[in-house]
Amino acid sequence: MTFVVRGRRRRWVAAGAAVLIAAAVVTVVAVQGGDPAPAAPATVAVQRGEVTSSVAASGKVSPVATRELAFSVAGTLTGVLVKPGDEVAAGQDLATIDDADAQEARDDAANALAEAEQALTDAQDAADAATGCTTARGAAYGTTGDDSVTAVTAALIAHQATGTPDTAATATPTAATTTTAAPTGSTAARSTTAVISATAVISATTTASVTATASATATATTSASPSPSSSPSASPSPSASGKPSASPKPSAAPSRTPAPSTGGCTSGGSSNGGSSNGGGATGGRGGDAIYSAQVAVNKAEAELTKAERDLAGTTITAPVAAKVLSVGGRAGDAVSTGTFITLGVVATMMVEAEFAEADAVSLAVGQPATVTLANRPDETLPATIAQVAATGTASGTLVRYHVLLAFDGAPEGLLIGQSATAGVVLARAEGLLLPQSAVRVTGDGTGEVKQPDGTPRTIAIGLRGDGNVEILSGLTENQPVRLNARS
């Protein structure tokens with residue numbers, strides 16, 4: 001029984017405590033007098049300033065212009081004079097290979113060119129000699145390249161008659177014959193006349209030039225007339241045949257005379273001014289020889305140029321001032337004609353950034369930009385967009401565009417590959433502005449704000465920038481509005 005009494009006592013104690021707590025709560029509520037009053041909404045005043053709209057993307061510093069250098073021929077490395085990270089000057093030697101084989105090839109090419117040039121000279125001399133013989137024969141025989149007959153024989157006779165060089169002679173041998181036959185009882189008479197004339201002018205000079213002109217004329221006349229008398233002539237009559245007697249030939253018939261000297265050339269035509277085919281054939285063969293020799297010279301010159309280029313290519317030299325990015329071997333290694341050294345041109349260091357598709361559509365070459373480097377977070381460097389990729393690169397569901405930004409003035413100590421943030425200002429506006437949270441956009445160029453008492457007000461808006469909105473009309477400077485237009 002004692003045990004039961006103690007349990008009841010504990011239950012009474014707990015019930016009393018609960019009553020006291022409830023009474024205390026009722027007392028507190030009664031003292032406060034109901035729900036607390038709501039806090040006043042936050043407000044912001046219209047201000048004057050600059051509104052900017054910009055986009056940003058992360059990237060890295062890179063030498064956009066790189067040079068990949070290689071040896072012109074394969075060989076064994078004899079020296080590597082630089083290592084990655086070294087800065088080199090234009091014209092500085094970077095690496096070399098054994099050049100013995102290239103030097104020997106260059107010498108052989110030079111000797112081959114000299115031989116080809118000598119062969120060309122010989123061919124030209126032979127052609128000149130053949131041309132001289134043809135000219136001399138033409139002058140001696142009075143030919144002009146065809147088969148026409150000249151009066152060279154008459155000219156030579158005149159030349160022998162004078163026997164004096166540098167003189168002019170004219171020879172006009174003439175032979176005439178007339179035959180008359182008057183048989184008895186006939187009134188017929190026949191007359192035949194033949195005239196041959198030759199005129200030659202010869203000028204003997206040191207060049208043995210001859211000019212000759214010849215003409216030949218033959219005239220035959222036959223006449224018949226009645227005799228004035230019917231009595232037979234008392235003169236003796238010719239033979240009964242009635243044919244005229246043979247006319248005497250001219251005594252000045254030209255004789256064969258040796259041709260003048262042509263300077264030791266072999267005969268290429270007849271001595272009476274005939275064809276000079278021999279000289280023409282020689283000239284044709286000479287032209288072929290010259291052409292072949294010239295082709296050989298051109299080929300030898302090209303081979304010498306290549307050999308000299310290969311010899312120069314046994315040493316790699318920096319074409320511009322740059323920084324060494326990679327080296328493909330060390331002394332003693334065998335190398336091919338592939339890339340051995342890669343240089344980054346420090347003078348053209350740029351920032352490579354990847355912009356989102358929505359931002360890239362607003363970018364254009366020449367737009368001003370800013371760059372912030374990871375090791376200089378408090379410094380903003382001016383830059384300009386130099387290139388915007390025409391095609392994007394997909395990364396998952398996002399499409400990004402590669403953009404190059406050039407420093408307006410590259411700072412000292414740029415590190416290849418260091419991180420950078422690029423920003424491009426798309427638009428700027430000066431005037432009244434409010435934070436974007438204070439304006440609810442309701443249409444193209446219109447918005448709504450709430451006054452401190454909660455009354456809505458329609459306004460005209462302009463540029464919506466990074467954090468602010470340009471106010472065109474509907475508010476005045478320093479006028480308060482609620483910070484949250486949706487509250």
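Let me start at one residue pair: Pro435 stands opposite Asn468 in S22. A word on the source before going on. This is a predicted model, where local features need pLDDT of at least 70, side-chain atom pairs count only at pLDDT 80 or more, and totals for chains, interfaces and linings use all residues. Residues are numbered from 1 along each chain as its sequence is written, and side-chain values use heavy atoms, with hydrogens and water left out.

Now the terms for strands and helices. Both are DSSP runs numbered from the N terminus: helices are H or I with at least four residues, strands are E with at least two. Two strands pair if DSSP finds at least two bridges between them.

Back to S22. Strand S22 covers residues 468–473 and pairs with strand S18, residues 419–435. The sense is antiparallel, over four bridges. S22 also runs antiparallel to strand S21, residues 456–464, and three bridges join them. Here Arg464 stands opposite Val469 in S22. What do S21 and S22 form? They form a hairpin, with three residues between them.

Next, an open sheet. Four strands make it up, in the order S3-S12-S10-S5, and the pairing is antiparallel. Which strands are at the edges? Strand S3 (66–70) and strand S5 (87–88), since each pairs on one side only. As a reminder, strands of a sheet pair through backbone hydrogen bonds, either parallel or antiparallel.

Look at the S5 end. S5 pairs with strand S10, residues 322–327, over two bridges in the antiparallel sense. The bridge partner of Val88 in S10 is Ala322.

Stay in strand S10, where Lys323 lies. Is Lys323 buried or exposed? Buried, because its relative accessibility is 15%. The cut-offs: buried is under 20% relative accessible area, exposed is over 50%, and partly exposed is in between, with a 1.4 Å probe and protein chains only. Contact means heavy atoms within 4.5 Å. Leaving aside neighbours within four places in sequence, Lys323 is in contact with several residues, among them Asp86, Glu87, Thr342 and Leu414.

Rings of Phe, Tyr and Trp (its six-membered ring) pair if their centres lie within 6.5 Å; planes under 30 degrees apart count as stacked, over 60 as edge-to-face and the rest as tilted. By this rule the count comes to one aromatic pair. The rings are those of Phe71 and Phe340, with centres 5.5 Å apart and planes at 45°, so the pair is tilted. Phe71 lies in the loop between S3 and strand S4 (75–80), and Phe340 in strand S12 (residues 339–344), so the pair ties together parts that are 269 residues apart in sequence. Phe71 is buried, at 2% relative accessible area. Phe340 also counts as buried, at 5%.

On to helix H4, residues 277–312, which holds Val297. Val297 is buried, because its relative accessible area is 4%. Which residues does Val297 touch, not counting those up to four places away in sequence? Leu113, Ala116, Glu117 and Leu120. The C-alpha atoms of Val297 and Leu113 are separated by 6.2 Å, although these residues are 184 residues apart along the chain.

Last topic: charged pairs. A salt bridge is a side-chain nitrogen of Lys or Arg within 4 Å of a carboxyl oxygen of Asp or Glu. How many does a search of the whole structure find? Nine salt bridges.

One of them joins the side chains of Arg48 and Glu477, at 3.6 Å, N to O. This pair links distant parts of the chain: Arg48 is in strand S2 (residues 47–63), Glu477 in the loop between S22 and strand S23 (480–482), and they are 429 residues apart. Arg48 counts as exposed, at 56% relative accessibility. Glu477 is partly exposed, at 39%.

Lys306 pairs with Asp310, the closest N and O atoms being 3.0 Å apart. Both residues lie in H4, four residues apart, about one turn of the helix. Lys306 is partly exposed, with a relative accessible area of 45%, whereas Asp310 is buried, at 16%. Elsewhere, salt bridges that share partners join Arg106, Asp107 and Glu308 into one network. Within it, the side chains of Asp107 and Arg106 meet at 3.9 Å, N to O.
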